[in-house]
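Here is a brief report on a protein chain. It covers charged pairs, aromatic pairs, nonpolar cores and a surface patch.

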Amino acid sequence: MAVGLRILVVEGHALVGAALSRLLREPPLAAQVEIVPDGETAIACLESTAFDLVICELSVPTTSASVVMSRLAAQGSDARVVLLSDADEEQLLLDALTSGAAGFFTKDCAPEEFIKGLSSVLEGNYAFGRRLMPGMMARLGGAKKAASRR
């Protein structure tokens with residue numbers, strides 16, 4: 001990845017934030033990581049520092065992830081956003097598919113899957129955790145079975 005990659009992690013649980021920080025600082029990303037515990041702190045941080053990627057807990061304390069994303073857009077930031085949620089919030093994560101975020105993962109995904117997804121997002125693509133694929137496919141298909149060819 002690019003030298004000097006900067007990632008902001010917005011995570012309300014200190015242990016999860018520390019684990020993400022360690023994972024993101026190691027190769028292949030080898031990023032500079034800043035962890036903040038809530039949306040208000042994230043917004044303040046985004047006003048003073050440019051980031052390449054923002055990983056935001058979906059149910060971030062004090063200010064919603066959508067407000068953080070709106071602030072990024074208002075600043076004209078090029079930072080890509082990845083939303084992260086607990087496994088039991090899968091439906092909320094699927095509801096956020098049209099939010100403008102580029103990545104969607106639950107916290108129970110494998111570290112290798114997450115890093116591969118982040119790399120894809122940083123290359124300009126969209127990434128989704130495997131756990132979300134059935135729900136995503138159902139939404140794309142309108143929850144209908146494909147018509148048979150005759």
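Which residue forms a salt bridge with Asp108? The model is predicted. In it, the partner of Asp108 is Arg131, with the closest N and O atoms 2.9 Å apart.

## Salt bridges

Asp108 is partly exposed, with a relative accessible area of 44%. Arg131 is partly exposed too, at 39%.

The count for the structure is 7 salt bridges. One of them joins Arg71 and Glu47, at 2.6 Å from N to O. Arg71 belongs to helix H3 and Glu47 to helix H2, so this pair ties together parts that are 24 residues apart in sequence. Arg71 has 32% relative accessibility and counts as partly exposed. Glu47 has 51%, which makes it exposed. Arg22 and Glu26 form another salt bridge, with their closest N and O atoms 3.6 Å apart. Here Arg22 is exposed at 61% relative accessibility, while Glu26 is partly exposed at 35%. Salt bridges also link Glu11, Glu57, Asp86 and Lys107 in a network.

## Aromatic pairs

The whole structure holds 2 aromatic pairs. In one, the ring centres of Phe104 and Phe128 are 5.4 Å apart and the planes meet at 5°, so the pair is stacked. Phe128, at 27%, counts as partly exposed.

The other pair is Phe105 with Phe114. Their ring centres are 5.4 Å apart and their planes stand at 90°, so the pair is edge-to-face. Both Phe105 and Phe114 are buried.

## Around Phe114

Phe114 is part of helix H5 (residues 111-122). Its relative accessibility is 3%, so Phe114 counts as buried. Which residues does Phe114 contact, leaving aside neighbours within four places in sequence? They are Leu20, Leu23, Ile55, Val82, Leu84, Phe105 and Cys109. The C-alpha atoms of Phe114 and Phe104 are separated by 9.5 Å, and these residues are 10 apart along the chain.

In soluble globular proteins, nonpolar side chains tend to be buried together. In this model, the largest nonpolar core has 26 residues, and Leu8, Val10, Val54 and Leu83 touch the most other members. At least two residues of this core come from each of these elements: strands E1 (6-10), E3 (53-57) and E4 (80-85), and helices H2 (39-48), H3 (65-74) and H4 (90-95). Another core, of 20 residues, lies apart from it and includes Leu29, Leu84, Phe105 and Val121.

Leu8 touches Glu34, Val36, Ala42, Cys45, Leu46, Phe51, Leu53, Val54 and Ile55, with residues up to four places away in sequence not counted.

## Surface patch

Which residues make the nonpolar surface patch of about 310 Å²? Met133, Met137 and Leu140 do. Met137 is found in helix H6, which covers residues 133-140.

Methods:
Residues numbered from 1 in each chain as written. Predicted model: local features only at pLDDT ≥ 70, side-chain atom pairs only at ≥ 80, totals over all residues. Heavy atoms only, no water. Patch = residues over 30% accessible without salt bridge, like charges linked within 9 Å, V, L, I, M, F, W, Y side chains within 5 Å. Areas by Shrake-Rupley, 256 points an atom, 1.4 Å probe, with all protein chains shown as cover. Salt bridge = Lys/Arg side-chain N within 4 Å of Asp/Glu carboxyl O. Helix = DSSP H or I, 4+ residues; strand = E, 2+ residues; numbered from the N terminus. Core = buried A, V, L, I, M, F, W, Y, C linked by side-chain atoms within 4.5 Å. Buried < 20%, exposed > 50% of the residue type's maximum accessible area, 1.4 Å probe, protein only. Contact = heavy atoms within 4.5 Å. Phe/Tyr/Trp six-rings, centres within 6.5 Å; stacked < 30°, edge-to-face > 60°.
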